[in-house]
Every structure is written in structure tokens, then in C-alpha cells.
Amino acid sequence: MNSTEQGIRMEKVCYSVGGRQILVDFDLHLERGVDRTILGVSGVGKTTILKLLLGLLPADSGRITIDGRDIAGLPEKELIGLRKKIAIVFQGGALFDSMTVGENVGYRLFEEGKLTAAEIERIVLEKLGFVGLERAIDLYPAELSGGMKKRVAIARALAAEPDYIFFDEPTTGLDPIGVYNICQLMLRLQKEGKTTLMVTHDLQTAFAVSKRFSFLHNTRLIFEGTQEELIAARLTETREFFTPTERSLFVYNNTTESEGP
Ligand SMILES: Nc1ncnc2c1ncn2[C@@H]1O[C@H](COP(=O)(O)OP(=O)(O)O)[C@@H](O)[C@H]1O
Ligand SMILES: [Mg+2]
């Protein structure tokens, strides 16, 4: 545990909100150049983990380090510096509706004010090219499909040349082609040596993209290992992820009924 260590580490992190425990003694190690997916049902605390890593929420106890630096108690200026190493693709994409695709992708670079407009445009085109959307540069988010918005959000994340990229439910709500495109992009990023951390409740996406898994259940990390190990472990808590049970189908039917007219 020294300042030359690379990667992201959470050690025995506890977090509660409104008197409710969300995480208890949660451990995570994300090495440089490696991918990992945190699996767990909706509401278990996956987005919370990403917010803790970004220093947007303070842990109650435990330790979080980014490249060996403990993020607790860091002055805001240094925290901002550390955050620059990380880009996050938010669940909803979180694009600015009043800006074009190109402006969205270049936004952070413009804000920083270090590059010329021409340099920013080159980067914007390169990142949009990576996600296959150069031709959408002058469109507004409202003119894009859900899958295209996610791809723009990825291009925007890449524009800052981050060391780490976090994906929050990147394929949720997309049609099969959208899911396929996003999975392919994540695989390409891994091939290029990027360090990626995904949180999702979608096992199919997780298995398509990741080789290493952490499973969060009821405040605790209950599994850590490879896809083969996860299947072989046959944990009761993960069973529902593999096959929809009668109970989860019932829950689904209930939801659709209550949302009906
Ligand atoms: N500001 C808040 N006040 C109270 N509860 C919260 C707040 N933010 C999140 N939670 C609760 O924390 C839990 C974990 O949330 P989240 O990390 O968003 O779950 P996930 O991303 O796994 O769906 C949820 O049950 C949610 O209701
Ligand atoms: Mg979430």
C-alpha cells in the first residue's frame, strides 16, 4: 500500500444512508489494464460504489485508494486532479440536451481551456469515430436513439483520455443491436489496454464483456472471481441471475399490472 501502487482499491469500506447499511466491509481491487464487473440486483448499492470511488460520497469507514493515494480527506483541488483519471458513463448517458453531440463530447476539454478549438475538434472527431458516430456531430441528443446516446456518452468519457472508465448499467434499456454495439465498444477499449469497471444487474452483458466479477448481495461482497468460478460456485444468491425463477416472474407480472391503465 504505497503511493507507487497503480490501480483502484477499496478496503473494508462501509457506507450507510438514512441509518441503512448499504455496504459492509466491501473490498475491491481494480488493477491497471484489467476489466471487472460488479454484479448485483437493482438497489443493492452498485452506483453508490462508483460515487464512493469518485469521492462524491464519503465512506463511513474503510479505505479507498486511487493509484496509491487515499482519497479520504484530500483537499478538493487534489480530489479533482484524481477524478480526472476517471471517466464515468452514467446510466442515463447524462448528455446536455441544449448542446450538440460534438459540443457534448468536447465539453470538458473546452472547460479546461488548455487546447485550441481546432485541437478539440480533432479529438471530438476521433472519439466520435471510435463509437461510429462522426456523422452525428451536429445533431442534438433528442434526435438520437438510446443506443446512440450511450455511444456519445462513451465518446465524451474518452475525450478526457482517462486512465479508468466506469460504466453504470451501460446496456440497460437498449434493444439487442444497441446492447451488441455497446458490448463491442467495451471489448475494444479493453483491447486497447483501458482499465474498465462496469456495474450492472445484466448477467448477459457482464459475461459478454468481463472476465472478472464481484458480486454484491445484501451489503456484502459474496463472490469474487472468474466467470467459470461464478458458474461453478452455484450460490443461492446468484441463482436468479441465471434463470428467472417463478418468484421473479411474479414480480415482473406485478410490475406490469400496476403500471397498466
Ligand atoms: N440519498 C439517498 N437517501 C436514501 N437512500 C438512498 C439515497 N441514495 C441511494 N439510496 C439507497 O441506496 C441503495 C443503493 O442505491 P444504488 O447504489 O443506486 O443501487 P444500484 O445502483 O445497485 O441500483 C438503494 O436502495 C437506494 O434506495
Ligand atoms: Mg444504479
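# A tour from the ligand outwards

Start by selecting ligand 1: around it stand Val17, Gly18, Ile22, Gly40, Ser42, Gly43, Val44, Gly45, Lys46, Thr47 and Thr48, where a residue is near a molecule if its C-beta atom, placed from the backbone, lies within 6 Å of it. The model is predicted, so local features need pLDDT of at least 70 and side-chain atom pairs count only at pLDDT 80 or more, while totals for chains, interfaces and linings use all residues. Residues are numbered from 1 along each chain as its sequence is written, and chains are lettered from A and ligands numbered from 1 in the order in which they are written.

Colour this shell by residue class: 3 nonpolar, 7 polar and 1 charged. Here Ala, Val, Leu, Ile, Met, Phe, Trp, Tyr, Cys and Pro count as nonpolar, Asp, Glu, Lys and Arg as charged, and the others, Gly among them, as polar. Helix H1 (residues 46–53) supplies the largest share of the shell, 3 residues. Helices (H or I, at least four residues) and strands (E, at least two) are DSSP runs, numbered from the N terminus.

Stay on H1 and select Leu52, which lies in this helix. Leu52 counts as buried because it has 23 C-beta neighbours inside 10 Å; the cut-offs are 20 or more other C-beta atoms within 10 Å of its own for buried, 12 or fewer for exposed, and partly exposed in between, with C-beta atoms placed from the backbone. Beyond its neighbours within four places in sequence, Leu52 is in contact with Val13, Tyr15, Leu57, Ala59 and Ile64 (contact: C-beta atoms, placed from the backbone, within 7 Å). For a distance check, pick Gly81: it is 29 residues from Leu52 in sequence and 16 Å away, C-alpha to C-alpha.

Next, select strand S3 (residues 35–39). It is largely enclosed by the rest of the structure, because 5 of its 5 residues are buried. Asp35, Thr37 and Leu39 cover one side, and Arg36 and Ile38 the other.

Strand S8 (residues 195–200) runs parallel to S3 and is joined to it by 5 bridges. Strand S9 (residues 212–217) also pairs with S3 in the parallel sense, over 3 bridges. Thr37 can be followed to both: it stands opposite Met198 in S8, and its bridge partner in S9 is Phe213.

Now zoom out and colour by domain. Domain 1 is 1–85 + 165–261 and domain 2 is 95–162, with bounds from an automatic or database domain assignment. Their C-alpha centres lie 25 Å apart, and 12 residues of domain 1 are in contact with 9 residues of domain 2. On the domain 1 side, helix H6 (residues 176–191) gives the most, 5 residues. That side divides into 6 nonpolar, 3 polar and 3 charged residues.

Lys12, in strand S1 (residues 8–17), has a positive phi of about 45° although it is not a glycine. Lys12 counts as partly exposed because it has 13 C-beta neighbours inside 10 Å. Arg234, in the loop between helix H8 (227–233) and helix H9 (236–242), has a positive phi near 45° and is likewise a residue other than glycine. Arg234 counts as exposed because it has 9 C-beta neighbours inside 10 Å.

Terms used: Two residues are in contact if their C-beta atoms, placed from the backbone, lie within 7 Å. Two strands pair if DSSP finds at least two bridges between them.
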